[in-house]
Amino acid sequence: MATDSATSVGKCVDAFGSSIGMPQLCPDWVGNQIFWVVVTVIVIFFVLSRIALPRIASVLAERQGTITNDIAAAEELKAKAVEAEGAYNKALADARAEAQRIAAEAKADIQVTLDAAIAKADAQIAAKAAESEKAISEIRAGALESVKAVATDTANEIVNALGGKADAKTIGSAIETRMKG
């Protein structure tokens with residue numbers, strides 16, 4: 001029986017049932033191996049082409065769609081950001097212009113108030129200066145009269161002390177001449 005199984009298997013097995021060399025290289029089995037390789041390749045081809053590759057293609061298409069949508073959304077957001085930045089810059093410029101206008105108005109109002117206060121103060125100073133000048137004039141006039149009276153009395157006393165007699169008219173004219181310069 002052992003010989004029957006040895007002859008049925010082929011030349012690649014010796015009389016004791018041990019194989020001689022690699023069974024893949026046995027020329028009796030090459031046809032059978034080629035058949036199963038072809039069947040396996042065809043099965044793999046159909047599995048890949050009908051199941052795996054369509055799924056991979058749909059995932060890639062979905063990714064591409066997502067990427068395209070994300071890029072479009074990013075460009076739209078970028079355009080909105082540029083528009084918002086422009087609006088912000090315009091609002092900032094308007095706010096600065098408004099602040100400068102308000103500051104100029106406030107400065108003008110303050111200047112008007114200041115000018116009115118200065119005019120009022122100048123008027124008060126002028127009035128007080130006029131009063132002071134009037135008072136000084138009166139004091140001068142009074143002092144001049146007092147000096148004339150004192151000078152007249154003093155001159156009269158000096159003339160009398162020296163043993164002379166002078167009339168009031170002569171002494172008055174001498175004092176007037178001396179006071180004029």
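**Notebook: surface patch, rings and salt bridges**

I began with the surface and found a nonpolar patch of about 540 Å² made by Val30, Ile34, Val38, Ile42, Phe45 and Phe46. For patches I took residues with over 30% relative accessible area and no salt bridge, joining nonpolar side chains (Val, Leu, Ile, Met, Phe, Trp, Tyr) within 5 Å and like charges within 9 Å. Areas are from the Shrake-Rupley method with a 1.4 Å probe, and for residues only the protein chains shown count as cover.

The model is predicted: local features need pLDDT of at least 70, side-chain atom pairs count only at pLDDT 80 or more, and totals for chains, interfaces and linings use all residues. Residues are numbered from 1 along each chain as its sequence is written, and side-chain values use heavy atoms, with hydrogens and water left out.

**Entry: patch members**

I looked up Val30 and found it in helix H2. At 35% relative accessibility, Val30 is partly exposed. My classes are buried for under 20% relative accessible area, exposed for over 50%, and partly exposed in between (1.4 Å probe, protein chains only).

**Entry: rings**

How many aromatic pairs does the structure hold? I noted two aromatic pairs. The ring centres of Phe35 and Trp36 are 5.1 Å apart and the planes stand at 75 degrees, so I logged this pair as edge-to-face. For Phe45 and Phe46 the centres are 5.7 Å apart and the planes at 70 degrees, so that pair is edge-to-face. The rule pairs rings of Phe, Tyr and Trp (its six-membered ring) if their centres lie within 6.5 Å; planes under 30 degrees apart are stacked, over 60 edge-to-face, and the rest tilted. Phe35 is partly exposed, with a relative accessible area of 46%.

**Entry: salt bridges**

Side chains of opposite charge can pair when their charged atoms come close.

Which residues are linked in a network of salt bridges? I found Glu98, Arg101 and Glu105. Between Glu98 and Arg101 the closest N and O atoms are 2.2 Å apart. Both residues lie in helix H2 (residues 30-161), three residues apart, about one turn of the helix. Glu105 meets Arg101 at 2.3 Å, N to O, and these two are four residues apart in H2, again about one turn. I have Glu98 as partly exposed at 35%, Arg101 as partly exposed at 37% and Glu105 as partly exposed at 41%.

I then looked at Lys148, which forms a salt bridge with Glu176, the closest N and O atoms being 2.7 Å apart. Lys148 lies in helix H2 and Glu176 in helix H3 (residues 168-180), so the pair ties together parts that are 28 residues apart in sequence. Glu176 is partly exposed at 31% relative accessibility.

**Entry: the chain**

I counted three helices and zero strands in the protein chain, and the order from the N terminus is α-α-α. Helices (H or I, at least four residues) and strands (E, at least two) are DSSP runs, numbered from the N terminus. Buried residues make up 4% of the 181 residues. The chain exposes about 15100 Å², with carbon and sulfur atoms supplying 66% of it.

Of the contacts (heavy atoms within 4.5 Å) with a separation of 6 or more, residues 24 or more positions apart account for 19%.

**Entry: confidence**

I checked pLDDT, the predictor's confidence in each residue, from 0 to 100. The chain has a mean of 85, and 88% of its residues reach 70 or more. Where is confidence lowest, and where highest? Helix H1 (residues 2-9) is lowest, at a mean of 45, and H2 is highest, at 91. I marked residues 1-9, where the pLDDT is below 50; beyond near neighbours in sequence, this stretch has three contacts in the model.

Technical notes:
Salt bridge = Lys/Arg side-chain N within 4 Å of Asp/Glu carboxyl O.
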